[in-house]
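Take a moment with the sequence and the model before reading on. The paragraphs below walk through a few parts in turn.

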Amino acid sequence: MALANRFRSGISFLKNIAVSDSVSSARSSPHGGSLIPALRNYATASAQNTANVKVPIALVGENGNFASWLYIAAVKMNSLEKIESDLSEMIEAMKTAPTFAQFTKDPSVPRATRLEAIRDACDQAKFAEPTKNFLSLLAENGKLKNLDAIVKKFMQLTNAHRGDIKVLVTTVMPLPPAEEKELKETLQEIIGEGKKVTVEQKIDPSIYGGLIVEFQQKVLDMSIRTRAQQMERLLREPVDFSNL
């Protein structure tokens, strides 16, 4: 019952959140040395006369920027689904072949050797040329160690492109079906029609109670852990008795 009450109070607060335009361009400038000009050229190499492509959600950080450049290129080349499939296959291959995964991340491996291995792997897997070119850019610039994080960011963009919104809900125990349904319906109202909301539950006893809701770069933290930390900070603040 206590969890349900906290959940309902959080729902009321969540309904007051103003959601920004779902289609916006990334505002931060990518960093990554010589790789960024190559990625920028990669994203604009084809369909020069095509209207500007905007990412459906703004991502931050180096990995987010890499994913954004790849998304723009994929949309312009009309290869979004194929590139998404190729990258998923590559990530799965790295999970099932630890030696290959370690090889791609080992800084002692000569750049030419790493690049040749990635190109051969792409050819054997029959990856699309844009996928092969992107992975080659990462291999050549020592960024394959970030591939998993980049792909996760890229998947966020492809899901948003299709109108799929993934919501991560962290609790100390699984939400009852009725409360999960209420949360999903509330998020659907906030995000709007035409988009599909998918709720993924994560169990984390360390939050002590309450819940944390994460979606579209937004975090609503209603956990007891955070409230306790806030209370502790408040109690540690000095009291000015002159104002009493």
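Glu84 and Arg162 form a salt bridge, with their closest N and O atoms 2.9 Å apart. The model is a predicted one. This pair links distant parts of the chain: Glu84 is in helix α4, Arg162 is in the loop between α8 and β1, and 78 residues separate them. Glu84 has 13% relative accessibility, so Glu84 counts as buried. Arg162 is partly exposed, at 41% relative accessible area.

Now follow helix α4 itself. Helix α4 covers residues 80–96, and at 1.5 Å a residue its 17 residues should span 24 Å. Its end C-alpha atoms are 25 Å apart, which agrees. What covers the buried residues?

Ser79 counts as buried because its relative accessibility is 14%. Beyond its neighbours within four places in sequence, Ser79 is in contact with Ala74 and Pro130.

Turn next to α8. Its 15 residues should span 21 Å at 1.5 Å a residue, and its end C-alpha atoms are 21 Å apart, which agrees. Among its buried residues are Leu147, Ile150, Phe154 and Leu157. The buried residues of α8 pack against α3, α4, α7 and β1. Just after α8, Gly163 takes a positive phi of about 85 degrees.

How many salt bridges does the structure hold? There are eight. Side chains of opposite charge can pair when their charged atoms come close. Another such pair is Glu200 with Lys166, at 2.8 Å from N to O. Glu200 lies in strand β2 and Lys166 in strand β1, so the pair ties together parts 34 residues apart in sequence. Glu185 and Lys181 form a salt bridge, with the closest N and O atoms 2.5 Å apart. Being four residues apart in helix α9, Glu185 and Lys181 are separated by about one helical turn. Glu185 is partly exposed at 40% relative accessibility, while Lys181 is exposed at 51%.

Finish at the surface. Met231, Leu234 and Leu235 form a nonpolar patch there, with about 340 Å² of accessible area together. Leu234 belongs to helix α10, residues 224–236.

Conventions. Residues numbered from 1 in each chain as written. Predicted model: local features only at pLDDT ≥ 70, side-chain atom pairs only at ≥ 80, totals over all residues. Heavy atoms only, no water. Patch = residues over 30% accessible without salt bridge, like charges linked within 9 Å, V, L, I, M, F, W, Y side chains within 5 Å. Areas by Shrake-Rupley, 256 points an atom, 1.4 Å probe, with all protein chains shown as cover. Salt bridge = Lys/Arg side-chain N within 4 Å of Asp/Glu carboxyl O. Helix = DSSP H or I, 4+ residues; strand = E, 2+ residues; numbered from the N terminus. Expected span 1.5 Å × (residues − 1). Buried < 20%, exposed > 50% of the residue type's maximum accessible area, 1.4 Å probe, protein only. Contact = heavy atoms within 4.5 Å.
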